[in-house]
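Let's explore a protein model together, one question at a time. Keep the picture open while you read.

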Amino acid sequence: MKLAIAGKGGSGKTSISGTMARLLARSGHRVLAIDGDSNPNLALTLGIAAERMSDMPVLPSNLLRRTEAGPVLTHSLEEIKTSHSVTGPDGVELLVMAHPQHADTGCLCSMHATVRRIIEAASDEDRDVCILDTEASPEHLSRGTASYADVMLAVVEPYFKSLETGRRMAALANDLGLERVALVANKIRDERELDAVHTFAANHDLEIAAAIPWDETFSLAERAGIAPLDYNPDSPAIEPIRILAENWGGNGRA
Ligand SMILES: Nc1ncnc2c1ncn2[C@@H]1O[C@H](COP(=O)(O)OP(=O)(O)OP(=O)(O)O)[C@@H](O)[C@H]1O
Ligand SMILES: [Mg+2]
């Protein structure tokens with residue numbers, strides 16, 4: 001299964017995709033996590049130690065070769081993983097999209113194209129899951145980076161601008177032809193907030209894949225520099241994220 005996690009800035013994309021990746025790996029899946037944010041920080045949520053961040057490999061921009069049929073990867077995904085991935089706790093493999101090292105270095109079009117081909121090359125086998133954590137803009141959808149994903153989950157907070165961003169991203173994902181598209185309600189503090197998301201979703205004919213409560217574990221874990229799952233595996237958000245991961249990313253047989 002190949003999933004793209006999208007949503008407005010700060011909605012919880014990285015917290016949810018990183019925690020889903022770990023939980024899917026624990027339930028027996030082979031997980032490839034791709035940090036597609038030009039300001040990457042998925043490693044921390046996966047539980048990769050901060051000391052390893054400085055020498056973390058990033059995907060170089062010369063992994064594509066032009067052909068008449070369009071750009072293709074110059075190496076197999078296995079080779080790319082061998083040379084550029086980092087393996088974190090529970091065996092999750094992480095690939096990080098190159099990010100601008102200096103100001104005024106131009107656009108990241110070639111990186112988006114590279115990530116698109118990597119997702120295309122990722123295995124479709126039942127045990128394999130590929131999770132793309134995207135940046136806050138709709139770039140991954142408008143550039144088609146996520147076009148080879150099977151599923152797009154738009155993480156939304158229970159306020160209008162966030163919901164509206166999720167709706168727009170869901171429409172783009174539908175345009176790209178993704179098979180399954182849904183909202184994930186995050187940071188839900190009470191019934192009233194949950195109702196607001198349900199009403200919005202019903203009005204726009206959108207599915208809600210999960211409702212994840214407000215959980216201070218995420219910010220406490222971040223401050224402590226460790227993964228939320230390692231900080232408090234019993235915190236209230238973990239179980240709904242586990243069910244979300246199994247229902248939308250898992251094969252139910254792992
Ligand atoms: N369920 C939750 N309850 C409380 N806080 C949360 C929850 N989910 C995420 N957070 C907090 O919200 C903030 C943003 O989370 P995160 O970095 O995962 O969002 P993001 O969508 O990936 O952000 P960005 O757009 O910057 O990539 C973090 O401080 C995180 O700890
Ligand atoms: Mg993020």
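Q: Is Ala146 buried or exposed in this predicted model?
A: A residue is buried if 20 or more other C-beta atoms lie within 10 Å of its own, exposed if 12 or fewer, and partly exposed in between, with C-beta atoms placed from the backbone. Ala146 has 30 other C-beta atoms within 10 Å, so the residue counts as buried.

Q: A note on the model before we go on: how are residues and chains labelled, and which pLDDT do local features need?
A: Residues are numbered from 1 along each chain as its sequence is written, while chains are lettered from A and ligands numbered from 1 in the order in which they are written. This is a predicted model, in which totals for chains, interfaces and linings use all residues, side-chain atom pairs count only at pLDDT 80 or more, and local features need pLDDT of at least 70.

Q: Where is Ala146 found, and which residues is it in contact with, leaving aside neighbours within four places in sequence?
A: Helices (H or I, at least four residues) and strands (E, at least two) are DSSP runs, numbered from the N terminus. Ala146 sits in the loop between helix H6 (139–142) and strand S8 (151–156). Two residues are in contact if their C-beta atoms, placed from the backbone, lie within 7 Å. With that sequence limit of four places, the contacts of Ala146 are Ala4, Leu132, His140, Leu141, Met152, Ala173 and Leu176.

Q: What separates the C-alpha atoms of Ala146 and Leu3?
A: Along the chain, Ala146 and Leu3 are 143 residues apart.

Q: At what angle do the axes of H1 and H11 cross?
A: Axes are lines fitted to C-alpha atoms, for helices over the stretch in contact, and angles run from 0 to 180 degrees between N-to-C directions. The axes of H1 and helix H11 (residues 238–248) come within 9 Å, and they cross at roughly 70°.

Q: Which word describes H1 relative to H11?
A: Angles under 35 degrees count as roughly parallel, over 145 as roughly antiparallel, 65 to 115 as roughly perpendicular and the rest as oblique. The crossing angle is roughly 70°. H1 is therefore roughly perpendicular to H11.

Q: Which residues of H11 meet H1?
A: On the H1 side, the residues are Ile16, Thr19, Met20, Leu23 and Leu24. Their partners in H11 are Ile238, Ile241, Arg242, Leu244 and Ala245.

Q: How many nonpolar residues does the contact of H1 with H11 have?
A: Ala, Val, Leu, Ile, Met, Phe, Trp, Tyr, Cys and Pro count as nonpolar, Asp, Glu, Lys and Arg as charged, and the others, Gly among them, as polar. The contact of H1 with H11 has 1 charged residue, 1 polar residue and, in the nonpolar class, 8.

Q: Is Arg242 buried or exposed?
A: Arg242 has its place in helix H11. With 21 other C-beta atoms within 10 Å, Arg242 is buried.

Q: Is Asp205 buried or exposed?
A: Asp205 lies in the loop between helix H8 (191–203) and strand S10 (208–213). Its phi is near 55°, a positive value in a residue other than glycine. Because 8 other C-beta atoms lie within 10 Å, Asp205 is exposed.
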